[in-house]
Amino acid sequence: MALASDVAVAVLNGVTWGLIVALIALGLNLIFGLLEIVNMAHGSLYMLGAVIGWFVIDATGSFFVALFLAPLAVGMIGVAIERGVLRPIEDDVSITLIATFGLLLIFQQLALMSFGPGTRSVAAPISGTVSFAGVSYSTYRLSVAVVAVALMAGLYLFLFRTRYGTWMRGVRQNREVASALGVPTSKVYAFTFGLGSLLAALAGVLLAPIVSVHHLMGLDVLAVAFIVVIVGGLGSLRGVLVASLTYALVENVGALFVTPVRARILTLTLMIAFVLVRPGGIFEGDAV
Amino acid sequence: MTESHETPVGRVTPKRGAWGLVAAVAVAFPFVAGDFLLFLAASVLALGLYGAAFDLLYGYTGLLSFGHAVFFGVGAYAATFAITDFGRGVFVGLAAGFLATALVAVGLGLVATRVSSHGFVIVTILIALIANLAAVSLTSITGGTDGRSVAVPPVALPGLGDLSFFDPVFRYFFTLAVVVASLLVMYRLANSPVGLAFRMIRDNERRARMLGYNVTAYKLFAFSASGAFAGLAGVLSTYVTGFVSASEFSLVVSGDAIIYTLVGGRATLFGAVLGAVLVEGASNFVSELTDAYPLVVGALLLLTVVFEPEGLVGVAARMRERFGSPDATSAADDGARADDGARADDGARADDGARAAESESGTDATGDEHR
């Protein structure tokens, strides 16, 4: 019985973690699909969300203020990056990659200098557990999962039911034609990068009470987000969701049997092997 | 200054003169520099080889890899195992590092070259991150970030007796010899028909494919060769420092290769060595820089790609053009300039154009115009 409830908790953890990973990777894939930029700084934007969130909580004492302010700040940083750094060099994929890698190093070092080398924890704003059929699970984690689902539903509605979302999909399909039809492509780019950054930071604040906050936390997430994007298919949004959930479930259930680090290494390796079988990802040739 | 002169040792052109000067400085250096400078020079040389190996892949073949730290680390550890666990000598260590890395690179390359061009980079990033995770957690094998010290055995050379790596002058010359030999091999490769195929893939992959070149095989070969030399650099670095640790696998180490190549100039091989000398030299002498090293590398990367993507070689070519020396055109042609076309080519725009053309008219005409 103990094993059964352990497995149940692992599965629940897997789903929560998978939804958060999907949130981060969706932003990454949105940016890639639209701007053809592989954003290596994406993990550090997630880290910045958590770190700025920690500072805001430290100053105001309110988690919800942080949940609002930190993603907004990081979203604005994202817009600034797109406008200031990436816009002049956007035509060369490898050059933009190197530039975002430079940003990764800079953000990491700035976080180290302001936040310090240690790990810090954030108290969950909702405490207690929910029990169901003999399995008790943290209320906060459950609410994170619910919020993540709500955010993704919101993103879907935004992309398919609003004018800006339609613009984004239009630019994704054909930049020249969209521009000729009067879509403000330049604004759409900046907005997309900002939105992706905001999603990553949101995930960072949401996860801050679950994982510990430190300046290197972005690197782990970067690996996970990249593998999910590759396995799900570059540019494919539903592929990202499926791959995220699969990844997180395998990793969390695997962690019941081996150490968490080994579980992660094994899962990542398995997913890389999947690339050998299906280089185009789960949903090959998907567009937004 | 640009004319060549007949001398008893042959025609001296500015280019040959410059190489002669570099060689003279490299050989004379141990007789004027102190022990610490010699140590620094040897480790910088190893890093220069590392940068040049990366350049073989990135500069010549146009494939950006963030996984070179893995090769550097695998080489370093292969040599460490050969020496400490199997009691072998320095040369076996070098060979082990080279071959083990080549093998690893072939394996990883099989995965990386299968996915599309953007996918290639992402897979290399993943490989680097996974390897780092593994190296740091497998402390019983790698020693983790605390590392392992390596007692490099002395080398018996005919006529010179046993030479120890504790001797800074020998250490320097040994490193110099291996680095120069490797650079010559890489130079030969880059200027062979195979190297031409590399460059064609960089400049126009689709055309190379249409002409019947097995692009995937060439990419795999470039990746493995580049990886093997990066591994050799890892071995040298271990010999110089007598130390190896899991931090060799960290993503910043991959970034180092990129920064050397970008600062020095792409597709030049020697530019990467120059880049290593400048970056490492500067960061070692300014202690404020050493503390915030990642910040400096990050800022340098950002500044280089935004303002001078062709690196120092690009600056030099531009200067020569500005001051109108007759040498300018030829030098610019075989150096950085040739890259300009390449950069525009593999840019996102050209891809878009090609895609749009395909979907609209079913021909490749517009795409070709972009290229």
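Predicted model: local features only at pLDDT ≥ 70, side-chain atom pairs only at ≥ 80, totals over all residues.
Start with helix α2 of chain A, residues 42-60. Helix α2(A) packs against helix α3 of chain A, residues 63-86, at an angle of about 140°, and the two axes are 8 Å apart. Angles over 145 degrees would count as roughly antiparallel, and α2(A) and α3(A) are therefore described as oblique to each other. Their crossing is right-handed. On the α2(A) side, the contact is made by Leu45(A), Leu48(A), Gly49(A), Ile52(A), Gly53(A), Val56(A), Ile57(A) and Thr60(A). On the α3(A) side, the residues include Phe63(A), Val65(A), Leu69(A), Pro71(A) and Gly78(A). By type, the residues of this contact divide into 13 nonpolar, 4 polar and no charged.

Helix α2(A) also packs against helix α4 of chain A, residues 93-115. Here the angle is about 20° and the axes are 10 Å apart. Angles under 35 degrees count as roughly parallel, so α2(A) is roughly parallel to α4(A). The crossing of α2(A) and α4(A) is left-handed. Helix α2(A) contributes Ser44(A), Met47(A), Leu48(A) and Val51(A), while α4(A) contributes Leu104(A), Phe107(A), Gln108(A), Ala111(A) and Phe115(A). The contact of α2(A) with α4(A) has 7 nonpolar residues, 2 polar and no charged. Leu48(A) takes part in the contact with α3(A) and also in the contact with α4(A).

Chain A also has a pair of strands. Strand β1, residues 129-132, and strand β2, residues 135-138, run antiparallel and are joined by 4 bridges. One of the pairings is that of Phe132(A) with Val135(A) in β2(A). The two strands form a hairpin with 2 residues between them. In the turn, Ala133(A) has a positive phi of about 50°.

Now turn to chain B. Its helices α11(B) and α12 (residues 270-285) pack at an angle of about 110°, with axes 7 Å apart. Angles from 65 to 115 degrees count as roughly perpendicular, which is why α11(B) is described as roughly perpendicular to α12(B). From α11(B), the residues in contact are Ile259(B), Tyr260(B), Thr261(B), Val263(B) and Gly264(B). From α12(B) they include Gly271(B), Val273(B), Leu274(B) and Leu278(B). The contact of α11(B) with α12(B) consists of 9 nonpolar residues, 4 polar and no charged.

Arg88(B) is found in the loop between α3 (68-85) and α4 (90-112) of chain B. Is Arg88(B) buried, exposed or partly exposed? There are 16 other C-beta atoms within 10 Å of its own. A buried residue needs 20 or more and an exposed one has 12 or fewer, so Arg88(B) is partly exposed. Leaving aside neighbours within four places in sequence, Arg88(B) is in contact with Ala82(B), Ile83(B) and Gly93(B). Its C-alpha atom is separated by 17 Å from that of Phe243(B), 155 residues apart along the chain.

Methods: Residues numbered from 1 in each chain as written. Chains lettered and ligands numbered in written order. Axes fitted to C-alpha atoms, helices over the stretch in contact; angles between N-to-C directions. Contact = placed C-beta atoms within 7 Å. Nonpolar A, V, L, I, M, F, W, Y, C, P; charged D, E, K, R; others polar. Left-handed = near helix turned anticlockwise from the far one by under 90°. Pairing = 2+ DSSP bridges.
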